[in-house]
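Good morning, colleagues. Please take a moment to look at the sequence and the structure, and then I shall go through them with you.

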Amino acid sequence: MNVMFRSKWWSFGFRSAIMLYFIVLIVLPIIGIYSQSVSRGFVPFWESISDPLAWKAVLLTIKLALIATVINVLIGTMSGWVLIRYRFPGRRILNSLVDLPFALPTAVTGLMILLLLGPGSLVGELAEKLGFTIVFHQPAIVIAMVFVTFPFVIRAVQPLLEEIDKSEEEAAYTMGATKFRTFFTVIYPSMLPGVISGAMLAFSRALAEFGAVVLVAGNIPGKTLIAAVYIFGEIESDNAQGAAAVSVMLLTLSFIILWTVNLIQARRPGK
Amino acid sequence: MTIRRTWITLTYIVFTLLLIIPLIEIFTGSWADGWSGFIEGLTRKQSLHALQMTAMIVVVVTAINTVFGVMLALYLVRAEWIGPRLKRLLNSIVDLPFAVSPVIGGLMIVLLLGPNTVIGSFFEGTGFKVVYALPGMILASLFVTFPLMVREVLPVLQEIGAQQEEAASTLGAYSWYTFWKVTWPSIRWGVIYGVVLTVARTLGEFGAVLVVSGNIMNKTQTATTLVYQDVENFNVVEANGIALVLAVFSVGLLLLMEWAKKRKEVH
């Protein structure tokens, strides 16, 4: 057996198999979708993305994903800070719960939001009385996005907070800086790379979200139809080229974000 | 002290509203119509079939991506036959599926292997269906979960360095032997963590599978796509039953994740 494992041919074959798998599984499909989007020339490509429903869906997705990201930056920075800096009963349980949105299937998330906030539920009725509806309207999409991307900022901020040199902070205090000032001049700058890369990951995940949103959005074109659901609709109605064209827009945006995050993380000192 | 208490209270409020109440809702919602409604929803033919499909896909995808993920991580860190520039390029390609919306991932497979394409019609001719059948669903899940294992194992390999392995192989150990005796013990917990993540992601995969499978009842329907269909058809109680099963598994996986993370930090 071992003679076989050591043979050059065997190891060459093995290497090629792994690399081939990698290329065929990841690279080929991405090339495929870019080429499919312009398969009938640039004019149909342009027509597909300049369709008002298409670009409205993309713009709406960007807008709602931005709102969700801002919310997550606020509550994520706070939660990350509290979970690392303070010791209080239940801390460990809360810290484990952070990853729940990663573990829970997105279709289950969608159903959950529907049950909690939908028509007939306590919150849903209350909102109805106050004159607005949550489910099948934009708020539900934002809630779904916030839930699904909740772990990103926290998990990006926590390791940075653990690394902060306590002596710098103490030095600031001894020199008479207020707590507020210490936070913004000493602590916040070292958290910032984590907040930014966490926010960008959350944003790109929110752009891509489908499962949780499709169940709660109502999917009304121009109003609550987000890009991923629009693409799904185009596939269902057999318009592969149109679906590919909008996909390419969304993909390019996500790739730029991912690339930027990698750059930020590569620049981090000590990594 | 009061500031501290305010922050902790605020964090508790956020967690309760966003995570704890929804989790409780899933667990209590399925009992809304009593035990019998729950059992009926779960023992429908399509429910059992969908759960079986999900289980099968999870097993196959996790096995394939574990083997290929660990090997690729090894190559990306250790291989001398890949230049450093190419290595960096490959390294950034690994993450691409993270940036791809699941629906788009599914669309990619339909575009490449669908019945109207060259490769697809070739397979169709030999009687082997890829799209709207199990192989396509497995492919879609493989694509979506590919980075998870690589991203867990790669940093561990970088951290431990190659000295021990080199020592073992200069002492005459065979490469397979070196892997099991030297490399494996140090990456073990990373791999286990990667397996848990892959299982969780495959179990919950929805968008990509929905597009590739065509969601045909009793044929290509998975647990998550059945939940979707039930909700669309207003069978909320039935949907809730399956959602509960999925949620129980997710919470179990979450606990496993915590356990593996702790072990990973110790070793």
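How many residues of domain 1 of chain A are in contact with residues of domain 2 of chain A? In this predicted model, four residues of domain 1 of chain A contact seven residues of domain 2 of chain A. On the domain 1 side, the touching residues comprise two nonpolar and two polar residues, with no charged ones. As for the bounds, domain 1 of chain A covers 1–37, and domain 2 covers 45–267. Their centres, taken over C-alpha atoms, are separated by 35 Å.

Let me turn to confidence. The mean pLDDT of chain A is 87, and 96% of its residues score at least 70. Within chain A, helix α4 (residues 52–85) has the highest confidence, at a mean of 94, whereas helix α1 (residues 2–6) has the lowest, at 48. Over residues 1–5 of chain A, pLDDT stays under 50, and the model has seven contacts beyond four places in sequence for them. Where pLDDT is low, predicted coordinates should not be read in detail.

Next, the annotations. An unreviewed UniProt entry places the feature "domain: ABC transmembrane type-1" at residues 58–261 of chain A. That span of chain A is 79% helix and 0% strand, with its end C-alpha atoms 22 Å apart.

For chain B, an unreviewed UniProt entry gives the feature "transmembrane region" at several spans, including residues 52–77 and 236–257. Residues 52–77 of chain B are 100% helix and 0% strand, and their end C-alpha atoms lie 37 Å apart. Residues 236–257 of chain B are likewise 100% helix and 0% strand, with 30 Å between the end C-alpha atoms.

Technical notes: Residues are numbered from 1 along each chain as its sequence is written. Chains are lettered from A and ligands numbered from 1 in the order in which they are written. This is a predicted model: local features need pLDDT of at least 70, side-chain atom pairs count only at pLDDT 80 or more; totals for chains, interfaces and linings use all residues. Domain bounds come from an automatic or database domain assignment. Two residues are in contact if their C-beta atoms, placed from the backbone, lie within 7 Å. Ala, Val, Leu, Ile, Met, Phe, Trp, Tyr, Cys and Pro count as nonpolar, Asp, Glu, Lys and Arg as charged, and the others, Gly among them, as polar. pLDDT is the predictor's confidence in each residue, from 0 to 100. Helices (H or I, at least four residues) and strands (E, at least two) are DSSP runs, numbered from the N terminus. UniProt positions are given in the numbering used here, feature names are shortened, and annotations may be inferred rather than shown by experiment.
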